[in-house]
Amino acid sequence: MEKAYKAQGNLGEKKLPTDKRASLSTSQLNAKHQQIINQHLPIGIIETSLEGKYLDANEEFCLMLGYEKAELLQRGIQDVTHEEDYQADIQLHSQLVAGEIPYYKIEKRFECKDGQIIWAELTRSVIRDASGNALYTVGIVLDITERHLAEDALRESERKFSLIFDKLPFAATLTKPQDGLILDVNETFEKIFGYSKQEVIGKTLLELGLIPDAETRERILAELLERGSVRGIELELLTKSNGTRIFLTNMDLVEIQGATYILQTDQDITERKQVLEALHESEERFRAILSQATAGIVRKGTDGTLLFVNDAFCRMVGYTFSELVSEGKTCWDLTHPDDVEENKRLFDQMIREGIPFQLERRLIRRNGSILWTNVSVSPVLGVAGYPVSSVGVEVDITSRKQAEESLRQLNLELERRVEERTAELKAMNEALQKSRRRLQVLSQRLVQVQEDERRSLARELHDRVGQSLIALNLNLTIVQGEISRGYTEQLGTRLSDSIQLAREVIVLVRDVMSNLRPTNLDDYGLESALQTYVSEFQTRYGIPVHFEKRTPPMSRLDNNIEITLLRISQEALMNIARHAQASQAKLSLQVDEKQVYLTIEDDGIGIQGQEGAKRSRSHGLKIMQERAEALEGTLHIRSTSGQGTKIEVVIPLPAREPDAISQEPSL
Amino acid sequence: MITVLLADDHVMVRDGLRHILEAAGDIQVIALAANGKEAVAQALTQCPDIAVIDISMPVMDGIEATRQILAVCPHTRILTLSMYQMGDYVQRAVQAGAVGYVLKDEAGNELVEAVRRLHAGQRYFSPGVVQFGS
């Protein structure tokens, strides 16, 4: 094929020794040259020596590379060719020169003067002389840089598409809509379904089980054709390696190079589905637990609004679910007013800080009665990590609280009893103290009484016995003196005086002794002693006293009782003699199994009338009273002014011992 | 004659003492008293040389009587009669103005001598009587 021509004209002046173009006829060259120029094509034309040096170049070629023509003709193929393309070009060039090939055509890169690279399509042929010797080569250069860039972009785009297609995180298949033949699948597809690309290309989805059945395929296809895409179909598809799994499938109609294909993506949602089902089951189970639980379970909003309550809670408070939840009640509506503050404080703290809490507090039932519950409240955290609601578990502790209350009451009662008992003991102790102090007073009084008696005894001895003995002594002294002096006329009188004095002394001594301890009290008992004293009293003071001994005589009493009653009688009678101005007195003694009664009365002026003697009298009364009390007895004085005085003494008898009864007097 | 006022509440003692004093011959009992008050009254009218006063008497005792007799008859010398030999009694009598103290037990033997001593301007205290500061 003779496509290469030698350009003539402005190239003609070159007369280089190696220039073998001279062998062509000028007319031939001109004709070709003119033809090319006329076409105004952006085609570079270049003539090259057999060794690869540029011999001539047209203006277009110079413009392509940015060289002046003169500069260009200083250079050769190697100087302006991209180093990666040089070998290919120069090799073909050699083959061309050698006649091994008639021409060649390559795409190669040129380096422009400014360093820029341009892509060009170079077609080279060889010019020979008549005898067939190669003279030089002619190359036609087309600038294809733009085309090349477009092709690069396309290739890059295809590469990218392929990459994305392969690396999609879900299985992707490209099929033909008409017959369902698989054109391509991606890497994820291979991984998920266990088929290699080679295994599936050319097969249909249906025969691989990648569409459940033909009917389904038709249905989906119809929808796809109508809308251009199908979204979110759940399909159970058979994989080669992993059995049947659940996929979420999308389909799109895509156009590639003018043809329409189906791009199907399958996302394995088996696990997610299982999780969801497990969640669902768990929710169902939870719901069952909630409704069967005996504890009340309550979900509340952050403001305490009841969002859910279980059956047990409804039963506890006596409201229906809808009354509590649908009517928008809050837990504060149900809480006892006294417990709201504390409950709210803990609840708000939980909402703020996410801390669960537990509280014993009262709820109010629909019927107004009180229910004690132990509530444990935990926050329910939202995705953002802070509480969006709460769950409370309410346990009825009313009976425990009641038990605690009764225990508390019991404790209070016990404490009260202990206090009472303590008070009793205190009172007893005080009484004991009082009685001890009284005993002290009594014992002091006893000493005093004893001293009083001794004093009176001493006085009696001094005043009466002593004086009488002194008088006796004086008489005897006088008698002695008169006898010695021989005076005898008055001796008889002196001696009879002395005898009288001696008698008086005897009587006085007996009186004193009898006062000290009446001997007949020990020998014959109280009645006898009283009778003796009464008779002496009558003689001495001239006041008649009525006293009758009983027949048979009263049995002997306890020694202390007898002496006490005797002393009281003596004191009472002495008081009558000294202060009462009575004309007569009466003394009586009675005894039964438990007590002995002594009464002394007179018809005198009464105690109130005895102004002057009040002190000594009241002293005497006090001693009588104390004597009676010392034996746990009582002494009462009844006295009306001008109508006499009555003293009543009651002394309890000690429990009798069997053989301590009625002792005969031991003389 | 030594004039004497004799005061004792026991009638037989008083009588015995009067007899013993008068039997001495130089002593005349010019007044008798049964208690201190009577003794003071008698002294006021009789102004005896010596007043023999029992220390314990009803109505007014011998100590007070001694004081009052000396107030009305400063020249009368007081002889106290007593059952007690204890110093307290003696001291009280001396403080009241008595210049003699005779125990009743020994009166039969000592009384006359005591009256004479007092009349002679001396003092007399029965042996065994405890004396203070004299």
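This is a predicted model: local features need pLDDT of at least 70, side-chain atom pairs count only at pLDDT 80 or more; totals for chains, interfaces and linings use all residues.

User: Fine. How many helices and strands does chain A have?

Analyst: There are 21 helices and 20 strands in chain A.

User: What share of the 667 residues is buried?

Analyst: In chain A, 39% of the 667 residues count as buried. The chain exposes about 38900 Å². Carbon and sulfur atoms supply 52% of that area.

User: And contacts between residues at least 6 apart in sequence: what percentage join residues at least 24 apart?

Analyst: That figure is 51% for chain A.

User: Let's do the sheet with β1 in it. What is the strand order?

Analyst: The order is β2-β1-β5-β4-β3 in chain A. It is an open sheet of 5 strands, with antiparallel pairing. The edge strands are β2 (54-57) and β3 (103-111) of chain A, and each pairs on one side only. Neighbouring strands are turned by 30° against each other on average, direction ignored.

User: Which helices pack on it?

Analyst: One is α5 (residues 83-98) of chain A. Helix α5 touches β1, β3, β4 (117-128) and β5 (134-143) of chain A. Its direction makes about 150° with that of β3(A). Another is α6 (residues 145-167) of chain A, which touches β3, β4 and β5. The direction of α6 makes about 125° with that of β4(A).

User: Back to β1 and β2. How many bridges, and which residues are partners?

Analyst: Strand β1 (residues 43-48) of chain A and β2(A) pair over 3 bridges, in the antiparallel sense. Among the partners, A:Thr48 goes with A:Tyr54, and A:Glu47 goes with A:Asp56.

User: What about the turn between the two strands?

Analyst: The hairpin of β1(A) and β2(A) has 5 residues between the strands. Within this hairpin, A:Gly52 takes a positive phi near 105°.

User: How many cavities of 30 Å³ or more?

Analyst: The search of the whole structure finds 4. The largest cavity has a volume of about 90 Å³. Its lining includes A:Thr175, A:Lys176, A:Arg217, A:Met251 and A:Gln264.

User: Which elements supply at least two residues of that lining?

Analyst: Those are α10 (214-227) and β10 (259-268) of chain A. The largest share, 3 residues, comes from α10(A).

User: Last one, A:Thr599. Where is its place?

Analyst: A:Thr599 sits in strand β18 (residues 595-602) of chain A.

User: Is A:Thr599 buried or exposed, and why?

Analyst: It is buried, because its relative accessible area is 15% and the cut-off for buried is under 20%.

User: What does A:Thr599 touch, leaving out residues up to four places away in sequence?

Analyst: A:Thr599 touches A:Lys586, A:Leu587 and A:Ser588, and also A:Lys646, A:Ile647 and A:Glu648.

Key:
Residues are numbered from 1 along each chain as its sequence is written. Chains are lettered from A and ligands numbered from 1 in the order in which they are written. Side-chain values use heavy atoms; hydrogens and water are left out. Two strands pair if DSSP finds at least two bridges between them. Helices (H or I, at least four residues) and strands (E, at least two) are DSSP runs, numbered from the N terminus. Axes are lines fitted to C-alpha atoms, for helices over the stretch in contact, and angles run from 0 to 180 degrees between N-to-C directions. Contact means heavy atoms within 4.5 Å. Buried means under 20% relative accessible area, exposed over 50%, partly exposed in between (1.4 Å probe, protein chains only). Accessible areas come from the Shrake-Rupley method with a 1.4 Å probe; for residues, only the protein chains shown count as cover. On a 1 Å grid over the protein atoms alone, a cavity is a set of points where a 1.4 Å probe fits but cannot get out, and a pocket is an open set with protein on both sides within 12 Å along at least five of seven lines; lining residues have an atom within 4 Å of a point. Grid points are joined across faces, edges and corners, and a volume is the space filled by probe spheres set on the points.
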